[in-house]
Amino acid sequence: MTRYSALNLLREAGRLHSGWPEAWSSRDPKTSYDVIIVGGGGHGLATAYYLAKVHKISRIAVLEKGWIGGGNTGRNTTIIRSNYLWDESAHLYDFSLRLYEGLSKDLNFNIMLSQRGVINLAHTENEMREIQRRVNSIRLNGIDSEILTPEEIKHFVPIINLSNKCRYPILGGSIQQRGGVARHDAVAWGFARAASKLGVDIIENCEVEGFLISNGQVHGVNTNRGIIKSNKVGLVVSGHAGVLAERAGFRLPIESKPLQALVSEPLKPFFNVVLMSGKVHVYLSQSDRGELVMGAGTDSYNSYSQNGSFQVIEQMMASSIELFPVLSRLKVMRMWGGIVDVCPDASPIIGFSPLKNLYLNCGWGTGGFKATPGSGYVFAHTIAHEEPHDLAAPFSLKRFSSGALIDEHGAAAVAH
Amino acid sequence: MLLIPCPWCGLRAESEFSSGGEANISRPYVNNDLSDNDWADYLFYRKNPKGWHQEQWHHVKGCRRWFNVERHTVTHEIRKSWPMNSSSDSND
């Protein structure tokens with residue numbers, strides 16, 4: 001596989017780019033593997049990559065029912081941050097952010113990480129106190145976070161509406177300078193290419209229809225491309241974790257809901273941070289192409305249809321106009337939905353399933369993209385050593401019966 | 001936006017309602033025999049079917065009454081709605 005470098009770019013330019021090999025090879029499944037990863041999104045590919053790179057496991061397959069990066073990895077709003085309230089989340093998400101910081105070099109693939117800063121706004125006195133508490137807690141975990149006054153926010157975002165005559169005036173906020181955005185497709189493609197280079201079989205258009213189970217142990221999967229055997233199967237799916245768990249004969253504390261996002265027509269560059277507001281409820285950033293990328297909360301009902309209700313989009317736009325009245329004539333170019341698997345405490349499930357040899361990394365809800373490399377790293381450790389990585393241990397399925405929940409609803413800097 | 005048939009008010013826009021999740025959940029009798037797993041099942045485990053789903057809705061900006069709905073989670077089609085504790089509750 002050709003390394004991406006300035007030298008190779010020059011050489012290929014000389015022969016009109018005719019010699020680039022495919023970034024990863026899409027394989028036909030073999031009959032058995034050491035580890036099967038179900039789900040070829042960012043988290044699944046990252047798991048396979050770290051299994052091969054860190055744990056030197058050689059026979060790994062990633063089964064993807066559609067195509068690489070076609071699910072929620074390519075549907076999110078690309079925000080990366082680690083300003084979480086609770087210790088367990090802060091440690092996991094900041095570990096992931098640190099991996100992101102070296103990821104382009106590690107993968108030899110430019111993921112276009114832009115640490116432009118993530119600002120959270122406060123619109124009420126209570127929210128301001130909450131933000132102060134959160135900033136203190138985050139700093140105690142060694143993660144950068146600062147309080148901003150309205151004037152300081154204006155410095156970052158000159159067109160923001162600071163009027164105190166609006167329904168939800170801006171009283172202040174916080175910023176995580178290391179937060180930002182990355183190109184989501186590139187994260188999937190980069191992990192796929194790097195994993196493929198280490199010998200991982202990436203098998204697209206391969207849907208898992210059932211599991212081979214005897215005596216409470218999983219021995220492989222039944223797919224639309226035949227039976228594939230393995231004594232370790234990792235379930236790394238979003239949107240359909242509950243459906244796959246049902247095929248394996250157990251339930252998960254997960255409900256699947258649509259989460260919508262949209263992009264506007266392209267504008268000249270006018271703000272270079274990520275802005276989030278839990279009160280008027282929108283999060284937005286400007287892409288390299290000038291489009292505003294916006295997201296908000298999930299729809300309230302369960303769904304598997306990848307589209308939600310229009311009033312959610314309307315509320316998201318109304319919120320944006322509250323913050324930026326100048327956007328009132330902005331046109332929307334595209335809107336879409338993805339199905340997110342939400343746990344009751346808005347934290348993921350990483351670790352063992354009720355079946356032996358079947359491991360879970362799912363339920364990432366509305367915020368999985370920022371965790372992609374960290375999630376893959378700790379899950380690869382969990383599968384390879386058959387015991388949870390220290391950072392993953394609090395996120396076990398057992399927490400729902402032990403009561404040790406990691407309640408990030410509202411605590412995670414934005415409502416879910 | 002969904003059009004939801006309130007049993008008392010007829011078809012109304014989804015924005016008048018709030019979703020209450022899975023229908024027909026009954027609180028287990030709490031005594032020493034109730035295991036942590038059973039309690040977790042009641043608190044946190046919900047049906048999440050890809051297909052027909054019985055769920056509860058609250059007409060919060062209308063008559064303010066709760067009722068049950070059977071809705072398809074892929075097509076969003078609603079095939080019936082009925083007041084809680086009525087005979088339709090036994091339908092599966």
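Q: Strands are DSSP runs of type E with at least two residues, and they are numbered from the N terminus. Where in chain A is A:Thr77 found?

A: The model discussed here is predicted. In this model, A:Thr77 is found in the loop between S3 and strand S4 (79-80) of chain A.

Q: Why is A:Thr77 called buried?

A: The relative accessible area of A:Thr77 is 11%. A residue is buried when this value is under 20%. A:Thr77 is therefore buried. Residues up to four places away in sequence aside, A:Thr77 touches A:Ala261, A:Tyr283, A:Val293, A:Met294 and A:Gly295.

Q: What makes A:Gly71 partly exposed?

A: A:Gly71 also lies in the loop between S3 and S4 of chain A. Its relative accessible area is 31%. A:Gly71 is 166 residues from A:Val237 in sequence, and their C-alpha atoms are 9.4 Å apart in space.

Q: Why does A:Met335 count as partly exposed?

A: A:Met335 has a relative accessibility of 41%. Buried requires under 20% and exposed requires over 50%, so A:Met335 counts as partly exposed. This residue lies in strand S18 (residues 332-342) of chain A.

Q: Which residues form a nonpolar surface patch with A:Met335?

A: A:Phe310 and A:Val332 make the patch together with A:Met335, and its area is about 270 Å². A patch residue must have over 30% relative accessible area; for A:Met335 the value is 41%.

Q: How do you know that helix H8 of chain A is largely enclosed?

A: The helix covers residues 241-248 of chain A, and six of its eight residues are buried, so the rest of the structure largely encloses it. The buried residues are A:Ala241, A:Gly242, A:Val243, A:Leu244, A:Ala245 and A:Ala248. Their cover includes S2, strand S10 (208-214), strand S13 (233-235), S18 and S20 of chain A. After H8(A) comes A:Gly249, with a positive phi near 90°.

Q: Which residues touch the most other members of the largest nonpolar core?

A: This core has 49 residues, and A:Leu45, A:Leu51, A:Phe191, A:Val200 and A:Ile350 touch the most other members. Several elements of chain A give it two or more residues, among them strand S2 (35-38), helix H2 (42-53), strand S3 (60-63) and helix H7 (184-197). Another core, of 33 residues, lies apart from it and includes A:Leu63, A:Val208, A:Val218 and A:Cys362. In soluble globular proteins, nonpolar side chains tend to be buried together.

Q: What is in contact with A:Val200, neighbours within four places in sequence left aside?

A: The contacts of A:Val200 are A:Ala48, A:Ala52, A:Ile60, A:Val62 and A:Ala195.

Q: How do you know that strands S19 and S20 of chain A pair?

A: At least two bridges are required for two strands to pair. Strand S19 (residues 349-352) and strand S20 (residues 358-362) of chain A are joined over four bridges, in the antiparallel sense. In one of these, A:Ile350 has A:Asn361 of S20(A) as its bridge partner.

Q: What sets A:Asn357 apart as a residue other than glycine?

A: A:Asn357 has a positive phi, near 75°. Most residues other than glycine have a negative phi. A:Asn357 lies in the loop between S19 and S20 of chain A, and the hairpin of these strands has five residues between them. With a relative accessibility of 11%, against a limit of under 20%, A:Asn357 therefore counts as buried.

Q: Why is B:His76 called buried?

A: The relative accessibility of B:His76 is 14%. Since the limit is under 20%, B:His76 therefore counts as buried. It lies in the loop between strand S5 (66-72) and strand S6 (78-83) of chain B. B:His76 is not a glycine, yet its phi is positive, about 65°.

Q: What makes up chain B, and in which order do its elements run?

A: Chain B has one helix and six strands, and from the N terminus on they run β-β-β-α-β-β-β. Of its 92 residues, 37% count as buried. The chain exposes about 5,400 Å², of which carbon and sulfur atoms supply 45%.

Key
Residues are numbered from 1 along each chain as its sequence is written. Chains are lettered from A and ligands numbered from 1 in the order in which they are written. This is a predicted model: local features need pLDDT of at least 70, side-chain atom pairs count only at pLDDT 80 or more; totals for chains, interfaces and linings use all residues. Side-chain values use heavy atoms; hydrogens and water are left out. Patches are made of residues with over 30% relative accessible area and no salt bridge: like charges are joined within 9 Å, nonpolar side chains (Val, Leu, Ile, Met, Phe, Trp, Tyr) within 5 Å. Accessible areas come from the Shrake-Rupley method with a 1.4 Å probe; for residues, only the protein chains shown count as cover. A salt bridge is a side-chain nitrogen of Lys or Arg within 4 Å of a carboxyl oxygen of Asp or Glu. Buried means under 20% relative accessible area, exposed over 50%, partly exposed in between (1.4 Å probe, protein chains only). A nonpolar core is a set of buried Ala, Val, Leu, Ile, Met, Phe, Trp, Tyr and Cys residues joined through side-chain atoms within 4.5 Å. Contact means heavy atoms within 4.5 Å.
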